[in-house]
Number of protein chains: 2
Amino acid sequence: MTSSESVEGRAPGLRERKKAKTRAAIQQEAMRLFLERGYDGATVEDIAEAAEVSPSTFFRYFPTKEDVVLRDDYDELLLEIFLAQPPELTPLQAARAALHSIGGVVDALSPEERELERVRMALTFTVPEVRARWINELVRAFRTLAEGVAARAGRPADDIRVRTFVGAVIGVMLVAMEPLVEDPTREWTDFLPAIDEALGYLEQGLPL
Amino acid sequence: MTSSESVEGRAPGLRERKKAKTRAAIQQEAMRLFLERGYDGATVEDIAEAAEVSPSTFFRYFPTKEDVVLRDDYDELLLEIFLAQPPELTPLQAARAALHSIGGVVDALSPEERELERVRMALTFTVPEVRARWINELVRAFRTLAEGVAARAGRPADDIRVRTFVGAVIGVMLVAMEPLVEDPTREWTDFLPAIDEALGYLEQGLPL
DNA sequence: CCTCCATCAGATAGTAACTATCATGAATGT
DNA sequence: ACATTCATGATAGTTACTATCTGATGGAGG
């Protein structure tokens with residue numbers, strides 16, 4: 001995404017470009033330091049220095065230290081893809097279809113972006129504070145999902161069946177990705193098949 | 001486990017009794033102050049002073065400020081009750097049975113204890129940091145649950161069907177209790193019927 | 001090109017949640 | 001009664017975060 005100043009598509013303005021660059025720099029330096037010394041081993045001050053900004057600026061871009069790890073667009077993207085699925089699919093089918101689509105999106109990333117993603121995910125799962133906040137994000141995202149599911153099913157968003165569906169999907173994704181804690185070198189896309197399988201069991205009423 | 005020489009149930013020793021008293025005092029004063037001024041409005045120092053201990057002592061009893069809200073025995077108790085259910089029940093039936101039992105336990109509490117529980121739950125759901133940590137506790141608790149379920153189903157604990165089951169139950173309980181955020185005056189036992197119903201839908205393969 | 005305005009970056013000072021360490025005194029076991 | 005264990009309090013420090021002020025910079029209009 002390092003575009004020159006020449007007009008490409010639409011020029012978002014110099015200011016905006018600078019901001020995007022600063023944000024990327026902070027996040028990248030943060031990941032580098034975290035990888036090098038661990039999450040607690042790198043202070044916000046260290047990161048700010050490495051990214052050549054002041055600590056004030058760090059907090060202007062990321063309200064908390066955890067956010068520098070969590071910040072991404074994939075949750076939102078996954079949600080969009082889910083909502084865009086053809087309405088004749090059942091919610092579970094739509095969820096599985098969305099899952100397959102996102103796999104393709106991730107495959108198209110550059111190697112550096114992939115590496116960044118890997119580190120981010122590893123930290124998300126291994127650093128307790130970060131993980132805790134991430135789950136909150138998940139809950140928030142799936143609140144939106146509930147509305148989509150409700151519309152799809154022709155029921156109110158607070159219908160208990162809709163809520164149950166959404167809760168079950170959250171929970172299943174959560175535990176399906178949990179092995180990441182043991183082996184943070186793996187990428188989260190490795191778990192897409194497991195999630196898919198788990199959704200299948202959900203559909204069958206949790207056979208044991 | 002805690003093999004003191006005294007016969008169980010009687011005279012846990014002066015030291016232990018003092019500790020229990022101190023812990024209870026800290027938690028009680030904390031809840032009083034939180035109710036009065038809000039979670040952020042009462043510092044650890046304030047709480048320590050109100051409980052007539054030093055800040056050092058506060059952290060000796062509760063490793064973080066959040067823990068003073070989260071600390072309880074109900075998760076563990078619920079787990080024990082679940083594991084004690086007769087083996088001929090299916091895991092979902094056992095979960096529902098355990099849920100009914102815990103309702104009885106809570107009914108037997110004194111009014112003050114109930115009030116303490118109410119405040120604790122309200123804070124757990126309304127204060128983001130506390131809630132985030134609570135979910136971590138949940139995940140930890142349900143890791144133990146997975147072992148129980150696995151034994152019950154005659155499968156390994158890392159079996160994907162077992163994990164899916166556990167994840168679904170976590171998720172369903174999570175969203176079932178979510179209305180507490182909107183109305184923190186309600187007790188969590190009010191939601192037992194909703195959880196029970198949700199578990200029923202789970203059993204039916206999430207009809208929509 | 002110059003000017004005004006909105007905004008963004010940096011610096012400073014402060015708060016609050018922790019952590020580490022050490023000396024004191026109380027509880028306990030002999 | 002004595003030695004040991006261990007909870008407590010005090011002190012000093014680190015770090016994440018907040019508030020506020022001042023100076024710099026990009027963008028828009030004349």
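Tutor: A polar contact here is a pair of N or O atoms within 3.5 Å, and within protein one must be able to donate a hydrogen and the other to accept it. Keep in mind that this is a predicted model.

Student: Okay, how many residue pairs are in polar contact across the interface of chain A and chain B?

Tutor: Both residues of a pair need pLDDT 80 or more to be counted. With that rule applied across the interface of chain A and chain B, the number of residue pairs is six.

Student: Which helix gives the most to the side of chain A that touches chain B?

Tutor: α8 (128–153), α9 (160–176) and α10 (192–203) of chain A each supply at least two residues of that side. The one that gives the most supplies 13 residues, and that's α9(A).

Student: And how much area is buried between chain A and chain B?

Tutor: The contact takes 37 residues from chain A and 38 residues from chain B. Carbon and sulfur atoms give 69% of the buried area, which comes to about 3,300 Å².

Student: Which residues in chain A lose the most area to chain B?

Tutor: There's a trio to look for, and together they make up 21% of what the chain A side buries. They are A:R163, A:L206 and A:L208.

Student: A:R163 meets which side chain in a salt bridge?

Tutor: Side chains of opposite charge can pair when their charged atoms come close. Here the N to O distance is 3.2 Å, and the pair crosses between chains, from helix α9 of chain A to the loop between α9 (160–176) and α10 (179–182) of chain B.

Student: What does B:R143 form a salt bridge with?

Tutor: The count between chain A and chain B is four salt bridges. In the one formed by B:R143, the closest N and O atoms are 2.6 Å apart, and the partner is A:E178.

Student: Moving inside chain A, how many residues apart in sequence are the parts that A:D72 and A:R120 tie together?

Tutor: Their closest N and O atoms are 3.1 Å apart, so they meet the 4 Å cut-off for a salt bridge. A:D72 is partly exposed at 24%, whereas A:R120 is buried at 5%. Since A:D72 lies in the loop between α4 (67–70) and α5 (74–83) and A:R120 in helix α7 (residues 111–126), the parts they tie together are 48 residues apart.

Student: Now the rings: are A:F58 and A:F59 stacked or edge-to-face?

Tutor: By the ring-pair rule, the count is eight aromatic pairs over all chains. The centres of A:F58 and A:F59 are 5.3 Å apart and their planes lie at 80°, so with over 60 degrees as the cut-off, the pair is edge-to-face.

Student: What about A:F125 and A:W134, what is the angle between the planes?

Tutor: A:F125 counts as buried at 3%, and A:W134 does too, at 9%. Their rings sit 5.1 Å centre to centre in a tilted pair, with an angle between the planes of 50°.

Conventions:
Residues numbered from 1 in each chain as written. Chains lettered and ligands numbered in written order. Predicted model: local features only at pLDDT ≥ 70, side-chain atom pairs only at ≥ 80, totals over all residues. Heavy atoms only, no water. Phe/Tyr/Trp six-rings, centres within 6.5 Å; stacked < 30°, edge-to-face > 60°. Buried < 20%, exposed > 50% of the residue type's maximum accessible area, 1.4 Å probe, protein only. Contact = heavy atoms within 4.5 Å. Buried area = accessible area lost by both parts, 1.4 Å probe. Polar contact = N/O pair within 3.5 Å; in protein donor to acceptor, adjacent residues only side chain to side chain. Helix = DSSP H or I, 4+ residues; strand = E, 2+ residues; numbered from the N terminus.
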